[in-house]
Amino acid sequence: MTPAEMVAVFAAGVSAGAVNTVVGSGSLITFPVLLATGMPPVTAAVSNTLGVIPGSISGAIGYRTELSGQSRRILKMSVSALLGGLAGATLLLALPATAFEKIVPALMGLALVLVVLQPRISASVRRRRERADDSARPDGGRLLLTGLTLASVYGGYFPAAQGIIYMSLMGVLLDETLQRLNAVKNVLVAVVNSVAALFFLFSAAFDWTAVALIAAGSALGGPIGARVGRRLSPAMLRSLIVTVGTVAIVQLLRH
């Protein structure tokens, strides 16, 4: 890797760390940059997953205020994320590179539709609960945990936009503000990336230079994203999620 390429990878790591904390899809910045250095796709994907972990952790720490009072919920969801992430990491090495990626744009498109419709769906769910005199489950119940597990399978295989899918699922099934859900999203992404990374350390090829550069960059970008993200209104955050997700779909379809 040339000095210029190293600078580009580091800068991509900073951007990815910030974008992942606010929205998700930061890997759509780092992954193409790694490919541009001549790195094989699977090696680039594994190196990227290892590198973005510090950014996920620093971003979650940046949202520590919003995480207050959510420990039990996060513990349950983290178990789902861990199992799904491990399954997804296994699929990355077991299946052809194109097998799973064919459905990625469709999954992201569905997630964006849910994000857009989330206020209406949530309002409808609340009215139904009021009529039935039933309160929302703090962990979203089996439906949400199952959805998060499947989303984590996707995240363990292809980390880009997993945060958008998490936000769409939680936004529909939990009665919480987007900022508090965004904080939980960052923890779940950190769990998935970490378990996938542990799996890859013993079973896949990766580039230590790329990992170190992305790790350093994403660790700096995570807190920046947290400071920016918590200042956004629900409407602005939702719009940003949809915008980034749409760009991600277009970029994936081009490849």
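Predicted model: local features only at pLDDT ≥ 70, side-chain atom pairs only at ≥ 80, totals over all residues.
The packing of helix α3 (residues 41-51) against helix α11 (residues 178-203) was examined first. Their axes come within 8 Å and cross at roughly 130 degrees. Angles of 65 to 115 degrees count as roughly perpendicular and those over 145 as roughly antiparallel, and α3 and α11 are therefore oblique to each other. The crossing is left-handed. On the α3 side, the contact is formed by Val46, Thr49 and Leu50, which meet Asn193, Ala196, Ala197, Phe200 and Leu201 of α11. Of the residues in this contact, six are nonpolar and two are polar, with no charged residue.

Charged side chains were considered next. Two salt bridges are found in the whole structure. In one, Glu176 pairs with Arg73 at an N to O distance of 3.2 Å. This pair links distant parts of the chain, 103 residues apart: Glu176 belongs to the loop between α10 (162-173) and α11, and Arg73 to helix α6 (residues 71-94). Glu176 also forms a salt bridge with Arg180, with the closest N and O atoms 2.9 Å apart.

The loop between α12 (208-229) and α13 (234-254) contains Ser233. Ser233 is partly exposed, its relative accessible area being 30%. Although Ser233 and Leu178 are 55 residues apart in sequence, their C-alpha atoms are 8.8 Å apart in space.

Terms used:
Residues numbered from 1 in each chain as written. Heavy atoms only, no water. Axes fitted to C-alpha atoms, helices over the stretch in contact; angles between N-to-C directions. Helix = DSSP H or I, 4+ residues; strand = E, 2+ residues; numbered from the N terminus. Parallel < 35°, antiparallel > 145°, perpendicular 65-115°, else oblique. Left-handed = near helix turned anticlockwise from the far one by under 90°. Contact = heavy atoms within 4.5 Å. Nonpolar A, V, L, I, M, F, W, Y, C, P; charged D, E, K, R; others polar. Buried < 20%, exposed > 50% of the residue type's maximum accessible area, 1.4 Å probe, protein only. Salt bridge = Lys/Arg side-chain N within 4 Å of Asp/Glu carboxyl O.
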